[in-house]
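Here are a few friendly notes to read alongside the model.

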Amino acid sequence: MVEKFDCIVVGAGMSGNAAAYTLAKKGLSVLQLERGEYSGSKNVQGAIMYADMLEAIIPDFREDAPLERHLIEQRFWMMSDNAHTGVHYRSDAFNEARPNRYTIIRSQFDKWFSRKVKEAGAIVLTETTALELIFDAYGVCIGVRTDREGGIVHADVVVLAEGVNGLLGSRAGLRQPPKPETVALAVKEMHFLPQETIESRFNVKGDEGVVIEAAGAVSQGMTGMGFVYTNKECLSVGIGCLVSDYAKAGETPYGLLEKFKAHPSIKPLLEGSEVKEYSAHLIPEGGYKSVPQLHGDGWVVVGDAAQLNNAVHREGSNLAMTSGRIAAEAIFQVKTRKEKFTKANLKRYPDALEASFVMKDLRKHKDMPALLHTNSRNFFLTYPELIAKAMESFVRVDGTPKQEKESATIAAFRKTRGLGGLVGDAWKIARAWR
Amino acid sequence: MHIVVCIKQVPDSAQIRVHPVTNTIMRQGVPTIINPYDLFALETALRLRDELGGAVTVLTMGPPSAEDSLRKAMTYGADRAVLLTDRFFAGSDTLATSFALAQAIRKIGETWGAPDVVFAGKQTIDGDTAQVGPGIARRLELNQLTYIAKIAKVDLVARTIELERRAEGGTQVLSSALPCLVTMLEGSAEIRRGAFADALRAARAEVTVWSAADAGIADLLKCGLRGSPTVVKRVFAPAPRAEKAKPIEVKPKARETADALIDALFEAKPAMSAELEQLAAGL
């Protein structure tokens with residue numbers, strides 16, 4: 001006999017756990033399928049977790065969630081080959097009772113989240129891969145087939161939280177597989193250092209943490225960014241670029257990471273550390289224009305699988321959690337009204353998502369991914385180099401009159417990009433940001 | 001047929017590290033697994049049950065978190081699971097562990113019927129003693145059949161079992177009366193992938209949790225640290241090998257590079273040079 005649940009959630013990452021938890025808390029019968037050995041065993045993120053979006057799901061998460069450091073300082077670095085020009089923002093206001101951002105280690109955090117899902121009453125099957133969606137004769141999704149013997153299971157609605165590759169959804173023709181120019185491939189290493197070393201090196205104490213995000217020459221002219229995040233006893237160090245760019249530039253992700261780690265601004269931060277983990281992950285970066293159809297008869301898609309990722313603000317897990325929660329709430333609405341799980345009724349999910357920060361933010365930057373992509377050499381190589389030179393000239397005291405220095409700097413910008421190019425770039429950025 | 005399989009949750013030794021300063025094993029954050037040898041025992045038990053009918057009960061002693069390993073055993077197909085957990089058991093060596101497990105197996109017998117076979121892995125990968133299985137057998141006065149590679153035949157009417165035991169110099173074919181205790185070798189039977197129904201059942205199942213009192217263990221002096229005569233005097237990590245790799249300069253000709261490599265090898269290992277010369281002389 002085939003078992004039937006109210007809801008099947010495919011995947012136990014941020015969006016899947018958020019959906020499964022919310023649904024189970026509301027009393028629906030939930031089956032969650034995860035291909036990994038445990039929730040988090042396959043999940044890779046930088047990782048910064050945004051408290052507000054988790055609070056909306058589990059208000060008292062701070063009591064027992066495994067959190068590394070709350071962030072009190074953000075450093076944006078524009079890198080040339082041997083220099084960085086930075087903007088730092090550090091504020092004691094971030095040392096609040098309920099801090100806004102934390103670094104986390106996903107393998108630990110997701111285990112905790114999964115335990116919450118189980119405690120809420122969902123059944124979580126790990127090491128169980130959903131192979132395909134099952135549709136009835138009318139094209140309504142009625143369940144999934146898994147890789148276990150006798151592994152067919154039915155549900156009123158399937159929540160696809162299967163991650164960026166989204167094999168299940170693309171196999172069923174619900175959406176296209178991600179394209180090389182809309183996904184980034186990021187690689188990350190965990191560098192272990194004694195807690196005291198991290199604290200003195202980054203000028204923090206206790207649970208305080210720092211984020212460094214670095215763009216420019218480190219990505220060799222490709223659209224991408226490097227990062228260093230402080231955890232309690234290790235640093236997450238990584239870099240990511242668009243997949244299509246790697247192919248074009250002939251660069252390898254680990255090659256980029258090696259160069260990033262060797263940069264004179266990064267190297268001293270990692271001195272003496274022991275690397276214990278290496279991981280890689282695809283990140284959907286196509287923005288608003290890549291978001292696929294989000295719902296249909298008997299199914300919804302959330303998180304990375306729905307390409308819900310804000311590449312400009314480097315946010316993903318919060319969009320994932322929020323989309324999972326909103327989808328769950330929409331499903332609950334349909335269930336309590338005893339309606340059918342048709343496309344029309346499930347439209348509550350994309351509607352609510354449109355009204356939330358998720359789609360508002362993505363829509364705001366809808367032209368940014370394409371702009372950075374087509375103009376990547378200028379934005380990631382030319383300008384950082386020019387700015388580094390300008391800064392050097394500004395800071396270095398060598399007897400050259402200031403007037404001459406400033407004229408030379410302006411001339412360098414004009415010569416490299418031309419007046420039209422400069423104005424055009426500024427205009428394009430401003431328009432895409434607006 | 002009622003089969004009891006003893007399993008242990010152990011740190012995944014592939015991912016364990018020794019603290020560079022204190023020389024203690026760093027267990028924090030190391031994933032736990034079911035002792036791999038126990039999985040061969042479990043699979044053998046499941047196959048016997050599938051063939052002859054009956055039930056498989058998995059038993060473990062450990063902290064409350066050991067429930068994960070029991071649930072996993074049920075995902076593979078075990079019918080029920082018993083977790084023996086109590087602070088009185090903390091610090092048990094193999095003597096105290098076999099005492100507690102033997103008592104629990106008696107209790108399992110009273111509750112669900114006396115077991116025909118008790119299975120265990122040949123040893124654990126964290127303690128490596130191979131003492132707990134035989135210890136249980138002695139306490140329950142069962143025939144003990146260790147290092148078993150294969151169960152050839154079980155006759156429930158005649159109450160006999162035939163098995164193959166790997167021994168020095170060959171394979172022994174043994175026969176024993178039931179009930180008995182069997183410890184299984186690696187590679188004897190690869191654990192199955194549980195069916196979907198088993199996975200669902202395992203996720204929903206209640207694991208039976210017994211304290212010392214629940215298992216009918218009255219003599220607490222035989223449990224845990226107090227019941228353990230083993231004393232760990234010192235723990236140390238062997239010194240890492242001091243030998244370092246030596247770079248060989250790449251010469252314009254490949255042959256010259258190869259010669260340089262061979263010279264360096266012979267310089268480091270004169271015995272190898274002499275041996276090869278002897279070989280060459282023989283030719």
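1. Chain A holds 15 helices and 17 strands; these are DSSP runs numbered from the N terminus, helices being H or I of at least four residues and strands E of at least two. Please keep in mind that this is a predicted model, where local features need pLDDT of at least 70 and side-chain atom pairs count only at pLDDT 80 or more, while totals for chains, interfaces and linings use all residues. Residues are numbered from 1 along each chain as its sequence is written, and chains are lettered from A and ligands numbered from 1 in the order in which they are written.

2. On overall form, the C-alpha trace of chain A spans about 85 × 50 × 40 Å along its principal axes. Of the 434 residues in chain A, 47% are buried (20 or more other C-beta atoms within 10 Å of a residue's own, with C-beta atoms placed from the backbone).

3. Now for the helix pair: the axes of helix 9 (residues 317-336) and helix 11 (residues 348-355) of chain A come within 8 Å and cross at roughly 140°. Axes here are lines fitted to C-alpha atoms over the stretch in contact, and angles run from 0 to 180 degrees between N-to-C directions.

4. Which residues make the contact? Helix 9 of chain A brings A:Ser323, A:Ile326, A:Ala327, A:Ala330 and A:Gln333, and helix 11 of chain A brings A:Arg348, A:Tyr349, A:Ala352 and A:Leu353; contact means C-beta atoms, placed from the backbone, within 7 Å.

5. Back to chain A as a whole, residues 24 or more positions apart account for 73% of the contacts with a separation of 6 or more.

Methods
Two residues are in contact if their C-beta atoms, placed from the backbone, lie within 7 Å. A residue is buried if 20 or more other C-beta atoms lie within 10 Å of its own, exposed if 12 or fewer, and partly exposed in between; C-beta atoms are placed from the backbone.
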